[in-house]
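Please examine the structure shown here alongside the explanation that follows.

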Amino acid sequence: MSHPYSDIPGYRRWRSGVAETPPADLDPVVAFPFRISPQDRIAAAGSCFAQHVARHLRLHGFQFLDTEPAHPLLSEETARKFGYGFFSARFGNIYTSRQLLQLLRRAYGRFQPIDDVWQEANRYFDPFRPSVQPNGFATREEYAADRQQHFAAVRCMFEQADVFVFTLGLTECWVSLEDAAVYPMCPGTVAGKFDPRRHAFLNLTVEDVVADLSAFLVELRTANPRVKMVLTVSPVPLAATAVDRHVWVSTTASKAVLRVAAERLAGTPGVAYFPAYEIITSPSNRASYFAEDLRSIREEGVGHVMGLFFRHACAQPGKAIADTAATAQDGFLAYMQDAVDIICDESRLDP
Amino acid sequence: MWPKFRRSPSVVASVDQLPMLCIGHSHLHCVQAASADTGIAIDAINFWEDNSVVLDYPDNPALTPPLQQRLRDYSGTVFSFIGGSAHTVVGLLSHPRRFDFVLPEAPWLPLNAQSEVIPVDAIRSLLFEQAQPFLKMMRYVRSLTRHRVVHMEPPPPCSDEQRLRRKIPWSLFPGMLREIAPRPLRYKLWRLHSQVVADFCAEHDIAFAAHPRQTIDAEGFLLGDFFHDGIHANHKYGALLLQQMRSATA
């Protein structure tokens, strides 16, 4: 007897698609709507899982777009400490769709949050990227100069990217009651001071996320009509929830909202969904892709995700290259040391 | 990088008081020259002239046993001229990717419009990393004496770019910008380097002696009268350091 399920391919059945497939061979991608060429410039932003995406793109020789790289004089350790190289610009984690939309508007001067800077003991923190600068900026002047430079880098990223990969992380966020500016972290956690008269909790709905990303796409394509967007959902659970319920319930609620929103947007031209969330959280690997803390993602899991990304989304699979620093130092210091040594030598000969 | 071994005549002067013990690198040279001019006695251990006395550089720099003993036996203030070039290495010349930063003690100093801004704390880390072997040596010298150790600040930068240009071995910079770094940047790097070293000194029971005030112009640059080669100061500057040192031991 014929029915709609009688001739479906194996990936559409649980038994053949998941249960009887070795965990490492799980491939829920099946088809991807476009191909990324080796010449395409790929930008990445989002929650912490997006850091892995950025790192693997770089390691596999893709044109990872970094418009705010660390200066080559800085050591790799210093560069990472100061938030360079994790994403396509030095914006730190962008957890929510609202934060992404507001970043674009801030970069183009269309939104200027009233909460401009957090000052603590003569240090200055950016409320919208409080973690990128350890202990904040040293002066207000430095803060202003760095942010101006940062916005230029963000504009450059939006305008130069051929593909923009965004990892949706959270729905829970905190907003300013003055102008609805969304913070990446609740004020008072990393920096700033929480004030219930000025800060409010917001849990984005599917409609919110779809509206944010739709508006983002329209505004992004005004600056860059050719850009394609890849959406993923971070498999990393919430560290804590502001809702009075179990953190696991809040996690599944958040991820479900994000997943549905991504599903809706994936149908629009130039937008694709990549199932990183499903690869990591699939029962087939029995949670083995989660580290001891049951939040962090093990490298094997990231490798599985990126291997499928290269296979399905890229025109060429990419070739692993040496694990080089995101910001390689140049030879300037060595040249300078030689020059200074010579001057010092001559100094001795010419008292 | 340490220079190849070279030995120069030791500075000897005949005065009644105990010669001041000076230890360090090339910035010590101006004091040696001034000592020869003035007859003020110093006992100079210049690593730049004789690097054979330094062992295990750069990871765990130490001195040869006879020199260790010399420091242990010395019963006066030890003057350090160790290092003092990290700011020059980082920013005497323009990097192909021009950079600048805001100096917290003088945030009004101009930022070069063509340069990218690097957080001052990251520049501080860079200078600290560059100075690391010398800071280790200072800490080591501190451990060898129970008497006072005074570190002498390296001289201020020169403001005259044309004068500096003549001193640069440009052939060492293939494919790089051949320009002296902007004056404000060189000044900021010198100030920040001095802060890094002064902070280190404060943590390790070492006094920090700032440059002689009469050697700078209104903007804080080294007056032309004290110019030697763009990195080091001359014997006149050394003479003022000798005065500072004598005051410190009085």
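Contact means heavy atoms within 4.5 Å. The model is predicted, so local features need pLDDT of at least 70 and side-chain atom pairs count only at pLDDT 80 or more, whereas totals for chains, interfaces and linings use all residues. Residues are numbered from 1 along each chain as its sequence is written, chains are lettered from A and ligands numbered from 1 in the order in which they are written, and side-chain values use heavy atoms, with hydrogens and water left out.

Leaving aside residues up to four places away in sequence, Thr21(A) touches Arg15(A), Ser16(A) and Leu26(A). Thr21(A) lies in the loop between helix 1 (14–19) and strand 1 (41–46) of chain A; helices (H or I, at least four residues) and strands (E, at least two) are DSSP runs, numbered from the N terminus. Is Thr21(A) buried or exposed? Thr21(A) counts as buried because its relative accessibility is 17%, where buried means under 20% relative accessible area, exposed over 50% and partly exposed in between (1.4 Å probe, protein chains only). The side chain of Thr21(A) also reaches the backbone oxygen of Ser16(A) at 2.7 Å.

Two helix pairs come next. In chain A, helix 4 (residues 97–107) and helix 5 (residues 140–160) pack at about 110°, with axes 9 Å apart. Axes are lines fitted to C-alpha atoms, for helices over the stretch in contact, and angles run from 0 to 180 degrees between N-to-C directions. Helix 4 of chain A is therefore roughly perpendicular to helix 5 of chain A; angles under 35 degrees count as roughly parallel, over 145 as roughly antiparallel, 65 to 115 as roughly perpendicular and the rest as oblique. Among the residues making this contact are Leu100(A) of helix 4 and Phe151(A) of helix 5.

In chain B, the axes of helix 4 (residues 120–144) and helix 6 (residues 183–203) come within 9 Å and cross at roughly 50°, which means that helix 4 of chain B is oblique to helix 6 of chain B. The residues of this contact include Leu127(B) and Val196(B).

The backbone deserves attention as well. Most residues other than glycine have a negative phi, and most peptide bonds are trans. Tyr57(B) and Pro58(B), however, are joined by a cis peptide bond with omega of about 5°. Asp56(B), in the loop between strand 3 and strand 4 of chain B, has a positive phi near 55° and is exposed, at 56% relative accessible area.

Notes: A polar contact is a pair of N or O atoms within 3.5 Å; within protein, one must be able to donate a hydrogen and the other to accept it, and residues adjacent in sequence count only if both atoms are side-chain atoms.
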